[in-house]
Amino acid sequence: MDKHKDNSGTSTQTGLPEKIRACLFDLDGVLTETATVHAAAWKEMFDAYLRSRPGPFVPFDPVADYDTYVDGKTRADGTRSFLASRHIELPEGSPDDPPGAETVNGLGNAKNDIVLRLLDSEGVHVYAGSVSYLKAVRAAGLHRAVVSSSANCESVLKAAGIDDMFEVRIDGVTIAEEGLPGKPAPDTYLAAAKKLGLAPGEAAVFEDALAGVRAGRAGGFGFVVGVDRIGQAEALRADGADTVVSDLADLLDRPDQADQSDQGDQSDQEHQK
């Protein structure tokens with residue numbers, strides 16, 4: 001465990017409270033820059049489907065609709081949530097529905113095919129600051145898990161070259177196998193903490209999605225870090241983030257980031273000036 005502490009019990013190497021023994025990281029938008037790929041895939045899939053329906057075509061908004069309805073959720077939950085916002089109800093279908101079938105699973109499978117195509121053509125970019133932070137928490141003796149709704153999580157981690165940084169992986173495959181509710185329910189993060197043999201209060205959650213931050217707060221985790229990549233710092237704080245940073249490296253040697261949330265807010269505002 002990291003021995004460098006300030007007088008408030010905060011690690012000056014990791015920016016986390018001293019009680020924290022594990023870090024639970026979301027994947028897309030926190031560790032890898034695949035959130036933009038997912039947003040593009042959702043848009044391509046939904047726009048094609050919406051064009052096929054009668055009535056005026058209102059395209060999927062890759063920022064507002066993505067953040068509100070699909071970010072951080074499983075493919076099925078995201079598909080269902082967005083369709084409900086347009087007052088569209090489809091049968092669930094089955095997980096092996098062909099991509100594009102007019103079912104929740106069919107549309108979700110179409111979206112997944114697009115993601116795989118984009119990842120193959122564009123590759124996977126990992127945030128340099130996240131790699132630095134992963135190395136710091138590993139050096140500090142903290143446990144590490146990745147928690148993602150993506151069924152492609154393992155492939156993305158390997159493509160990014162960071163698959164060996166985690167002791168536990170909870171992903172879309174795990175969610176399906178164990179019947180776990182997706183974010184904003186806290187079950188996936190709770191499963192990660194349990195596999196690490198720790199209580200939720202001993203773990204910190206790192207999330208860029210509003211649904212993920214809500215999951216961290218609902219699960220009673222010891223600290224919730226909001227990662228603001230798209231200018232939604234206030235929304236992340238409002239949904240329960242203890243502190244908000246624009247990059248995980250901002251936490252390194254920054255004990256003020258893990259003080260009380262009002263102090264964290266002040267440092268966030270200063271950082272954004």
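Predicted model: local features only at pLDDT ≥ 70, side-chain atom pairs only at ≥ 80, totals over all residues.

Residues are numbered from 1 along each chain as its sequence is written, and side-chain values use heavy atoms, with hydrogens and water left out.

**Stop 1: helix 1 and helix 4**

Select 35-51, which is helix 1, and 104-122, which is helix 4. (Helices are DSSP runs of H or I with at least four residues, numbered from the N terminus.) Their axes come within 9 Å and cross at roughly 135 degrees; axes here are lines fitted to C-alpha atoms over the stretch in contact, and angles run from 0 to 180 degrees between N-to-C directions. On the helix 1 side, show Trp 42, Met 45 and Tyr 49, among others; on the helix 4 side, include Leu 107, Ile 114 and Leu 118. Contact means heavy atoms within 4.5 Å.

**Stop 2: helix 1 and helix 3**

How far apart are the axes of helix 1 and helix 3? They are 12 Å apart, and the helices pack at an angle of about 45 degrees. That makes helix 1 oblique to helix 3. Trp 42, Met 45, Phe 46, Tyr 49 and Leu 50 of helix 1 make the contact with Arg 75, Gly 78, Thr 79, Phe 82 and Leu 83 of helix 3.

**Stop 3: the largest pocket**

Now pick Arg 75, Ala 76, Asn 105, Gly 172 and Ala 176, the closest to the centre among the 15 residues lining the largest pocket. (On a 1 Å grid over the protein atoms alone, a pocket is an open set of points where a 1.4 Å probe fits, with protein on both sides within 12 Å along at least five of seven lines; lining residues have an atom within 4 Å of a point.) About 390 Å³ of space lies in this pocket.

**Stop 4**

Finish with Ala 35, Thr 36, Tyr 66, Arg 229 and Ile 230, which lie nearest the centre of the second largest pocket. Its volume is about 230 Å³, a volume being the space filled by probe spheres set on the grid points, which are joined across faces, edges and corners. Helix 1 gives the largest share of this lining, three residues.

Methods: Helix = DSSP H or I, 4+ residues; strand = E, 2+ residues; numbered from the N terminus. Parallel < 35°, antiparallel > 145°, perpendicular 65-115°, else oblique.
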